[in-house]
Amino acid sequence: MTSRSPDKNASAFKWLVTVMAAGHFALVVTTGRVRWEHGAADLLLVVLAWAGAGPRRFLRGAFPLWLTGMILDSQALWLGVRGTIHTGDLWNLEKLLFPAPGGTHWPEWWSRHPNTPLDLLCGFAYAAYLYEVFLVALLFFFKKDARFEQLCWAFFVVNAIGVVIYVLYPAAPPWYVLKYGPGVANLAAPPSPAGTARFDAFFGIHYFANFYARNPNVFGAMPSLHAAYPLMMVLVLWHKGPAWRVGTILFALLVAFSAVYLTHHYVLDVLAGMAAAVVAFVAVRAVFARRAMGAPGMAPVSLPSGGNTRA
């Protein structure tokens with residue numbers, strides 16, 4: 001008969017999760033932002049916390065994903081404290097650093113030269129980039145790989161970096177400047193699917209229209225989290241060998257190109273998003289490595305070149 005290590009803090013963790021889920025749901029209700037997804041996500045959180053040791057183990061690792069959703073969804077609450085909104089700065093700098101034919105830059109050039117194959121390819125990339133993160137996280141969880149928790153925390157950190165910059169340096173995306181110009185920011189401007197609207201139109205659906213309608217922050221273009229997530233997957237899957245490296249790199253490049261082609265981001269936004277991904281990955285990996293070395297009964301050892309932290 002095998003014995004399991006008791007979850008010494010199980011009760012405290014369950015109640016902490018319950019209080020946070022209830023507090024978040026109360027927040028969205030009192031601020032008039034409640035949607036069915038809020039109730040579903042908060043209820044799922046509580047169910048996983050109380051369902052047993054297995055689901056609770058998953059929740060301990062995946063909890064940063066819920067935190068990420070919460071901070072992204074709650075951006076509207078602190079838009080009033082953000083800095084001056086930049087509408088023309090990046091537009092002009094992009095033209096200087098990454099000029100396109102005709103004296104413009106690439107987001108504007110592609111907005112004038114779209115084509116259906118690229119609409120479909122880039123629309124697919126924009127639809128799939130977030131699911132890549134969740135699928136890799138599940139892969140690590142079921143393989144009992146320590147990278148599961150690390151990935152979830154790195155995902156939270158890169159989003160936190162993005163949100164902080166959105167507050168300190170709110171910037172208009174290319175589609176906004178194309179539509180409203182580089183003058184004083186139009187705070188009433190609704191979110192837009194931009195180039196992804198062509199993907200919706202081709203299939204007669206409203207996937208991207210509905211997705212971007214929920215965006216609480218139009219002026220959150222810098223950095224591009226679209227570019228950050230796939231690059232993070234390159235980093236966390238690098239140890240799996242050449243095939244995984246090539247596949248993840250190609251997808252990361254496709255998403256980066258799509259961000260510009262679909263006029264959601266400048267090249268500058270993409271580069272900033274990639275830098276944020278590297279910072280988040282390195283910081284979280286360093287914290288976990290230090291924690292592993294300080295764990296009772298663990299001798300200080302250096303990580304292997306592939307980054308595998310499994311015992």
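Helices here are DSSP runs of H or I with at least four residues, strands are runs of E with at least two, and these elements are numbered from the N terminus. The views below come from a predicted model, in which local features need pLDDT of at least 70, side-chain atom pairs count only at pLDDT 80 or more, and totals for chains, interfaces and linings use all residues. Residues are numbered from 1 along each chain as its sequence is written, and side-chain values use heavy atoms, with hydrogens and water left out.

Start with M70, which belongs to helix α3. M70 is partly exposed, at 21% relative accessibility; this class lies between buried (under 20% relative accessible area) and exposed (over 50%), using a 1.4 Å probe and protein chains only. Now move to F134 in helix α6, another partly exposed residue, with a relative accessible area of 33%.

**View B. The spans annotated in UniProt.**
UniProt positions follow the numbering used here, feature names are shortened, and annotations may be inferred rather than shown by experiment. An unreviewed UniProt entry lists several residue ranges as "transmembrane region", including 123-142 and 218-239. Residues 123-142 are 100% helix and 0% strand, and their end C-alpha atoms lie 30 Å apart. Residues 218-239 come out at 55% helix and 0% strand, with 37 Å between the end C-alpha atoms. The unreviewed UniProt entry also places "domain: Inositolphosphotransferase Aur1/Ipt1" at residues 107-282. Over that range the chain is 71% helix and 0% strand, with end C-alpha atoms 30 Å apart.

Rings of Phe, Tyr and Trp (its six-membered ring) pair if their centres lie within 6.5 Å; planes under 30 degrees apart are stacked, over 60 edge-to-face, and the rest tilted. The model holds 25 aromatic pairs by this rule. One of them joins W109 and W110 edge-to-face, at 4.9 Å centre to centre with 85° between the planes. W109 and W110 are buried. F211 and Y212 also make an edge-to-face pair, because their ring centres are 5.1 Å apart and their planes stand at 85°. Is Y212 buried or exposed? Y212 is buried, at 8% relative accessibility, whereas F211 is partly exposed at 36%. F211 and Y212 belong to an aromatic cluster with F199, F202, F203, Y207 and F208. Elsewhere, look for K240: its charged end sits over the ring of W244, 5.0 Å from the ring centre. For this, NZ of Lys or CZ of Arg must be within 6 Å of the ring centre and within 35 degrees of the ring normal.

The peptide bond from M222 to P223 is cis, with omega near 5°. P223 is in the loop between α10 (207-213) and α11 (225-236). K144 is not a glycine, yet has a positive phi of about 55°. The loop that holds K144 runs between α6 (116-142) and α7 (147-168), and K144 is exposed at 62% relative accessibility. A194, also a residue other than glycine, has phi near 50°. You will find A194 in the loop between α8 (174-180) and α9 (196-203), where A194 counts as buried at 18% relative accessibility.

A nonpolar core is a set of buried Ala, Val, Leu, Ile, Met, Phe, Trp, Tyr and Cys residues joined through side-chain atoms within 4.5 Å. Which residues touch the most other members of the largest nonpolar core? Among its 36 residues, they are L151, V158, Y229, M232 and V236. At least two residues of this core come from each of α3 (53-73), α6, α7, α11, α12 (242-261) and α13 (267-294). Beyond its neighbours within four places in sequence, V158 is in contact (heavy atoms within 4.5 Å) with residues including L225, Y229, M232 and A280. A second, separate core has 17 residues, among them Y126, F199, V260 and V270. Cysteines C122, at 0% relative accessibility, and C152, at 1%, are buried. A search for disulfides, meaning cysteine sulfur atoms paired within 2.5 Å, finds zero in the whole structure.
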